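Here are my notes on the model, point by point. Please read them with the structure open.

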Amino acid sequence: MDMITDAAQVARHEAARTLQDAQTRASNAAATPGAAHGEYLTFRLGGEEYGIDILRVQEIRSYEQPTRIANSPEFLKGVVNLRGVIVPIIDLRVKLGCETAEFNAFTVVIVLNIKGRVVGAVVDSVSDVLELGGDTIKPAPGMNAQVDMSFITGIANVGERMLILMDIQALMSSADMGLIDDSVA
């Protein structure tokens with residue numbers, strides 16, 4: 001009987017400790033607003049390094065020339081057939097106003113799943129996957145109304161590197177992109 005009582009006490013203690021740990025994590029997250037900790041896929045656009053939430057990434061593919069669509073915006077390179085799904089390909093370099101880069105062996109397409117829609121994003125290269133804590137992420141600096149910072153969630157310092165963290169869902173859902181319907185959850 002003592003073994004059952006001891007086991008029940010251990011279980012209660014573990015449950016209380018788990019709840020306390022969860023409350024501590026929640027209060028730490030609340031104390032650092034905007035600090036979105038988690039895992040990020042990092043990639044390069046020109047001389048800058050960016051990070052996006054790894055949970056939005058479906059796969060990474062080598063770049064292949066998409067089929068161009070007439071009268072489409074410059075950043076929309078075209079569409080590709082990905083296992084029966086027609087996927088629009090967005091050149092993030094053009095969309096974000098980076099200097100034009102050559103397509104080479106390192107150029108890849110990050111296939112994203114945004115609100116149930118599959119979209120490809122062309123980037124210069126993929127670096128790695130990093131786990132970032134809230135303490136390494138700083139809020140994006142305030143800018144004037146002429147600079148659209150709505151898709152920048154923060155800036156992370158990783159060693160000597162500075163990483164611009166993006167909300168890729170907000171970028172792909174923006175009205176000028178016309179790809180994702182905001183009414184869809």
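1. What share of the contacts in the protein chain with a separation of 6 or more comes from residues 24 or more positions apart? The share is 55%. Bear in mind that this is a predicted model.

2. Overall make-up. The protein chain has three helices and 11 strands. From the N terminus, the order of elements is α-β-β-β-β-β-α-β-β-β-β-β-β-α. The chain has 185 residues, and 37% of them are buried.

3. Ile 152 has Met 166 in strand 11 as its bridge partner.

4. The largest nonpolar core. This core holds 26 residues. Phe 43, Ile 52, Leu 92, Leu 112, Ile 168 and Met 172 touch the most other members. At least two residues each come from strand 1 (38-45), strand 2 (48-53), strand 6 (108-114), strand 7 (117-123), strand 10 (152-158), strand 11 (161-166) and helix 3 (168-173). Strand 6 gives the most, with four residues. In soluble globular proteins, nonpolar side chains tend to be buried together.

5. The second core. Look also for a separate core of nine residues. Among them are Val 80, Leu 82, Ile 89 and Val 111.

6. Strand 6. Why is strand 6 described as largely enclosed by the rest of the structure? Six of its seven residues are buried, so the rest of the structure largely encloses this strand. Buried here means under 20% relative accessible area.

7. Neighbours of strand 6. Strand 3 (residues 57-62) pairs with strand 6 in the antiparallel sense over five bridges. Glu 59 has Val 111 of strand 6 as its bridge partner, and Val 111 also belongs to the second core. Strand 7 pairs with strand 6 too, in the antiparallel sense and over seven bridges. There, Val 109 has Val 122 in strand 7 as its bridge partner.

8. The hairpin. Strand 6 and strand 7 form a hairpin with two residues between them. Check the turn at Lys 115, which has a positive phi of about 50°.

Conventions: Residues are numbered from 1 along each chain as its sequence is written. This is a predicted model: local features need pLDDT of at least 70, side-chain atom pairs count only at pLDDT 80 or more; totals for chains, interfaces and linings use all residues. Side-chain values use heavy atoms; hydrogens and water are left out. A nonpolar core is a set of buried Ala, Val, Leu, Ile, Met, Phe, Trp, Tyr and Cys residues joined through side-chain atoms within 4.5 Å. Buried means under 20% relative accessible area, exposed over 50%, partly exposed in between (1.4 Å probe, protein chains only). Two strands pair if DSSP finds at least two bridges between them. Contact means heavy atoms within 4.5 Å.
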